[in-house]
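Biologist: I'd like to go through the labels on this model one by one. Can you show it and then tell me what stands behind each word?

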Amino acid sequence: MRRRFVAAYLIASAIALFSSNLSAQVVPNSLSQGGTERALREKKNDSTVGIVGGLFTGTYMRLAAEIASALDDGDKLRVLPIVSFGAASNLDDLLYLRGVDLAITQSDVFEYFRTVRKTPNLERRVQYIIRLPISELHILARDDVHSLQDLRGKKVNFGPAGTGASLTGTIVFQRLGINVQQVMIDQSTALEKLKSGEIDAIARVLPKPVDFFSKIPPHSGMHLVNIPFTKMFQDYYTLGEFTKKEYPNLVDGKDSIDTIAVPAVLAVYNWQRDSDHYNRVQRFVQYLFTRWDTFQHPPYHPKWRDVNLAATVPGWTRFSAAEDMLQQVEAQQKEKQKTEFQAFVSKQQAMPANAADREALFQQFLQWQESRTH
């Protein structure tokens, strides 16, 4: 009898504790407020933008998730990161998929849609907010492959159709005149096939360092292939490199090897000004610029520190709301710099006597200011 009483008491106590915890939980305003179904639907959608990132394990997807984390503001702004097939398909989603306002993609993907797909009015329909870090072309091959030429006629996996490598990798091999047997399977499966010798190389286009490569153990029988950068790649691409520090188990013999890199962009659909879609994206842009300092510190990806907000993308037009915010930021920076320079001048023992002396002092100020940021 006593045991039953104790058991009943414990159950009652647990229920009471559970109930009190429920009442103590903080419920978001969007869940606690009532209203008609239509009103709730409109309110939720009015504050939400969708951004296509990329493959679940890719760096682009991490950048999209970090954008959502940094800019989330409850009922005022919500960013939905969307997993996709990769950088090439992201632009397709931006053009045609409902609920997608933004996409992380590559500059050469834009060129492909313009020249090969011949997408009508592309320059007016798709614009960019900021240029993102470059993405390096990784060619992982077996140790008997010493150069890209050694892959002629061999099997190279470019990942599923729609990934950055399926476009950039294909362009690079075509320009070099190296015909390979294209394989289009997921990269995890491809890695196992590379180990077993069923394929000869893997191509991926992602901002370095990538865990997929970093986690490959030493003496794996695989390495990253050196890709010389030549004039034939100067139109859309830039020089990249892999160092032994970044991939200690995959860079053979040298401290670093060369590769080809492609700029990434945060693309946006150019909604009509003052439309609901435009207003949502404009709010997103304002949050992105005003909270930019958030991205400069851990735990956010170190690649954010490589982004220059003012950097341009050849062949692309900057979104009007982003251009407005950039001008505001630059004006604020100039005003701040002017104030700091006046304070710097006031501390000098001798004031500049002429314009030349003032310019020399200003250069000293810039050096002093630069030293404070490091």
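Modeller: Let's start with the buried part of helix H8: Gly 164, Ala 165, Ser 166, Leu 167, Thr 168, Gly 169, Thr 170, Ile 171, Val 172 and Phe 173 are buried there. This is a predicted model, where local features need pLDDT of at least 70, side-chain atom pairs count only at pLDDT 80 or more, and totals for chains, interfaces and linings use all residues. Residues are numbered from 1 along each chain as its sequence is written, and side-chain values use heavy atoms, with hydrogens and water left out.

Biologist: Why is Thr 168 called buried?

Modeller: Buried means under 20% relative accessible area, exposed over 50%, and partly exposed in between, with a 1.4 Å probe and protein chains only. Thr 168 has a relative accessible area of 1%, so it counts as buried.

Biologist: What makes H8 mostly covered?

Modeller: Ten of its twelve residues are buried. H8 covers residues 164-175; helices (H or I, at least four residues) and strands (E, at least two) are DSSP runs, numbered from the N terminus.

Biologist: Why is H6 called roughly perpendicular to H8?

Modeller: The axes of H6 (residues 107-115) and H8 come within 10 Å and cross at roughly 80 degrees. That makes the two helices roughly perpendicular, because angles of 65 to 115 degrees get that name, while those under 35 count as roughly parallel, over 145 as roughly antiparallel and the rest as oblique. Axes are lines fitted to C-alpha atoms, for helices over the stretch in contact, and angles run from 0 to 180 degrees between N-to-C directions.

Biologist: Which residues make the contact between H6 and H8?

Modeller: Asp 108, Val 109 and Tyr 112 of H6, with Leu 167, Thr 168 and Ile 171 of H8. Contact means heavy atoms within 4.5 Å. Leaving aside neighbours within four places in sequence, Thr 168 is in contact with Gln 106, Asp 108, Val 205, Tyr 237 and Val 262.

Biologist: On to the strands. What makes E3 and E10 a pair?

Modeller: Two strands pair if DSSP finds at least two bridges between them. E3 (residues 102-106) and E10 have five, in the antiparallel sense, and Thr 105 stands opposite Val 265 in E10. Nine bridges join E4 (residues 126-142) to E10, also running antiparallel, with Glu 136 partnered by Ala 261. E9 (residues 238-243) and E10 pair antiparallel over six bridges. As for cover, twelve of the 14 residues of E10 (residues 256-269) are buried.

Biologist: Why is His 219 called exposed?

Modeller: Its relative accessible area is 84%, so His 219 passes the exposed cut-off. His 219 sits in the loop between H10 and strand E8 (222-224), and its phi is near 60 degrees, a positive value in a residue other than glycine.

Biologist: And what makes Asp 274 exposed?

Modeller: A relative accessible area of 62%, so Asp 274 also counts as exposed. Asp 274 lies in the loop between E10 and H11 and has a positive phi of about 75 degrees although it is not a glycine.

How values were computed:
Expected span 1.5 Å × (residues − 1).
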